[in-house]
Amino acid sequence: MAPADDQDINLLVQDVVGASRIPPKARLADIKPTVARLASLAYERGLLPDALAQLVDLIAAPSLLDQASLNALVRNLYPRDKVSRNVVMRVVAALGHGALKPSLNMQAGLLRWLNMVFHVLEDRIVLARAYPVLFNLLDTAAIRPQLTQLLALVTRRRHVRPFRIQALLALSRQTGNDPWLVGLLRVFKDYYPEIIVGEAVRGKASAFKHPDIQWRARLDEIQDTHLRDAEQRSSSGPRQGFRVNRPVNRSLRHRLVPTVQTSQATEDSVTLEEIDNVTSLVQNLERLELPNQLVAVLADPLLQKLLVLRPAAESHQRVANWLGSVLRDFLDGDVDEETLWEVLEVTRDYVIQTKTFPPALLEFFARFLQLWSGSRRRDLVLDVLGRAPLHDFQELYQHIFGPLETAMLDDSPASPLALLDLYTRLLHHWTTALQSADAVPPHASQVVAQLVRHVSRLALGVLQAAPGVATESAILSFYEQTVRLVADDVLRQYIRIELPPSALVYTLLFSPSLATVSRLCHVLACYKRGFEVAMSTKARHDGSARIDALSYDRAYVNRYNGFIMDMCNCFWRTRAFSDTDTNARGCMVPRATVSALEAYVASVDRATSLASLLSLSHAPVLCLQSIRRVREMEDAAMRGDRPALRARHAGPVTQSSLAKLAAAGGIRLSWQEYRIDVLRSLSDKGLPGVTELLKNTMTVLKNSMEGKASTQGGSSQAQASQ
């Protein structure tokens, strides 16, 4: 909100407050247009705390404003931010009888306003502390409807005392079972059903609904706009997750899923309805009673936290039974499709928050995916399936993911990318589950291997059908999740490394994107550490079950060694496409093609060789970064009082060109120093993959970069231990 807009509201508030102290006949101008303008701006923009406090002070005391103007103001008290405790106390202080109190009509309006802004109060404890004052005003009939509703929102177990129950019963009899009092009695009965007998609450009772749903919707719009403008996302009420969810406008999902209600409680226990912050949750965790219907966990974040902190198989089974019943009703045609999506929405929240996946969901999707169009609510379906349990992947694919791919795959390039993202999330979920498990299941390695192999085949097809950086990024995101398994000190002792297909590795290696090449190199560099751990474990031969899981034959390790040898030959050793070194595969380029390329390069420039065209200086994805680093070093050499360089390198850099540059009066830089500087520059720019791969596979380079050895280098030790 612009400061000028707020200034307009502040000036109007000052005009109205000033006019409230002057008799109507003594005013120089009619105040009603000013009130109308203020009410309109408050509706459009909301009121900041200072303006809101001034208007509440005005309404909460006798004034010389006419009743219509006061009503217009109280109807448009839209707070743009949280309502402070001082404002709440000002409203409480205005209640009751006396010459310094506002009219009962204004008191009712202020109480109605408190009910409507209850979810945005800065501190609700202030109302809990004022509970005795509010309760003692119940004999005032003019404000009783609004007051009982506010008390219903505030009431917790500690407020329900025998003397209040007796007073409420007596007042209810005196007023002929006033529906508002009967409604409050029913709230009391939820806490002490054994004390308040059924006859006392059998009469007609008021349902405490929100006074004005449209007013609430407008308030939410104003507050959301203010939060976006301020670039801050502070949640209130149930979204904080430490209060019971009490939806005001109950949508289909909230009508289907019951709210939290606890009736079977004792004096020594605490109900979820009494929890209003994280401190009270922690302090009463062991004493909390579960609500009547545990299925409320699907839509209540506080109950979800309780089941996570106090897990119970029986509780989750009750939820699974209810969920399975609803899903079966849909498959049998007894529930409409909109209801299904509402159920899946709350189920997604439950699965994500509690890390629990009811078996009924797998049974449902096995049938539902045969009927699904593949596009309707795709994100919702993928979000739920991305949390599927660690289970035999072949079986999951046969019943779930196979039909899912059949339904989703079409001519759209977004569909295969969505599948890759699904499998990435699934592997992330499985990795998290394995990391938090007490013991790694014996079938974990096989299940993960099945998933990785399937995604590898899918990735090859997707990369051929829709080549591009977006596809490459989606593929690498999946393999970066496999790195988490290798990097974990425990899991890498149990989970085998599944190498990407050779065709996929070399296709990504020759990508026009430096980010793709860097990420690929990072993944392969991380695999090296996993192989080393596996080989050392195997060498110990301690007879543990891990030996079988981590057993790699020589051909498999050599295939990995071939990847890193080829990359070292390309980037460092200026021997691109060579297959003469141990394990080198020449990037799988046929020898006839290599010969043809060599002849072509020689015909274009006899001073250049094919073997050097993928080095740090010449590779299409690296040449710009390399020459930029030389430019930076040259600029640094000319700063201050240093003599100006007589020559600058034109690029690309070679070992002989650096010698000629120094002789011509340029910077003095050795071939080794230049390449190390380029690698460090790549890491500094957030592209560390190439550097990591070369350092982890060439001991001489690692020592040079860490200052442990001479700058002589170039010999490669690219193989993983065997």
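Colleague: Why is S518 called buried?

Modeller: This is a predicted model, and in it S518 has a relative accessible area of 4%. A residue counts as buried when that value is under 20%, so S518 is buried. The residue sits in helix α25, which covers residues 514-540, and, leaving out residues up to four places away in sequence, S518 touches L687, P688, G689 and V690.

Colleague: How do you know how far to trust the model, and which helix has the lowest mean pLDDT?

Modeller: The confidence of the predictor in each residue is given as pLDDT, on a scale from 0 to 100, and the chain averages 84, with 87% of the residues scoring at least 70. Among the elements of the chain, helix α26 (residues 546-549) has the lowest mean, 49, whereas helix α24 (residues 502-509) has the highest, 96. Over residues 231-239 the pLDDT stays under 50, and the model has 16 contacts for them beyond four places in sequence. Residues 708-722 are also below 50, and this stretch has 47 contacts in the model beyond near neighbours in sequence.

Colleague: What makes helix α9 mostly covered?

Modeller: Helix α9 runs over residues 144-154, and nine of its eleven residues are buried. Those buried residues are R144, Q146, L147, T148, Q149, L150, L151, A152 and V154, and they pack against α6 (104-116), α7 (125-129), α8 (131-135) and α11 (179-191).

Colleague: How is the packing of helix α5 and α6 described?

Modeller: Two packed helices are described by the angle between their axes and by the distance between those axes. For helix α5 (residues 85-93) and α6 the angle is about 145 degrees, and the axes are 10 Å apart. The crossing of α5 past α6 is left-handed. On the side of α5 the contact is made by V87, V88 and V91, and on the side of α6 by L110, W113 and L114.

Colleague: What classes of residue make the contact of α5 with α6?

Modeller: Val, Leu and Trp count as nonpolar, and by class this contact has six nonpolar residues, with no polar and no charged ones.

Colleague: Why is the pair of F364 and F365 called edge-to-face?

Modeller: The structure holds 22 aromatic pairs, and this is one of them: the ring centres of F364 and F365 lie 5.2 Å apart, with the planes at 65 degrees. Centres within 6.5 Å make a pair, and planes over 60 degrees apart make it edge-to-face, so F364 and F365 form an edge-to-face pair. With a relative accessible area of 2%, F364 is buried, and F365 is buried too, at 0%.

Colleague: Why is the pair of F393 and Y423 edge-to-face, and which parts does the pair tie together?

Modeller: The centres of these two rings are 6.2 Å apart and their planes stand at 70 degrees, so the pair of F393 and Y423 is edge-to-face. F393 lies in helix α20 (residues 393-408) and Y423 in helix α21 (residues 414-436), so the pair ties together parts that are 30 residues apart in sequence. Both F393 and Y423 are buried.

Colleague: What makes K355 exposed, and what is its phi?

Modeller: K355 has 59% relative accessibility, and a value over 50% counts as exposed, so K355 is exposed. Its phi is near 55 degrees, which is a positive value in a residue other than glycine, and its place is in the loop between α17 (337-354) and α18 (359-368).

Colleague: Is C587 buried or exposed?

Modeller: C587 has a relative accessible area of 4%, so it is buried. Although C587 is not a glycine, it has a positive phi of about 55 degrees, and it is placed in the loop between α27 (554-571) and α28 (591-604).

Terms used
Residues numbered from 1 in each chain as written. Predicted model: local features only at pLDDT ≥ 70, side-chain atom pairs only at ≥ 80, totals over all residues. Heavy atoms only, no water. Helix = DSSP H or I, 4+ residues; strand = E, 2+ residues; numbered from the N terminus. Contact = heavy atoms within 4.5 Å. Buried < 20%, exposed > 50% of the residue type's maximum accessible area, 1.4 Å probe, protein only. Axes fitted to C-alpha atoms, helices over the stretch in contact; angles between N-to-C directions. Left-handed = near helix turned anticlockwise from the far one by under 90°. Phe/Tyr/Trp six-rings, centres within 6.5 Å; stacked < 30°, edge-to-face > 60°.
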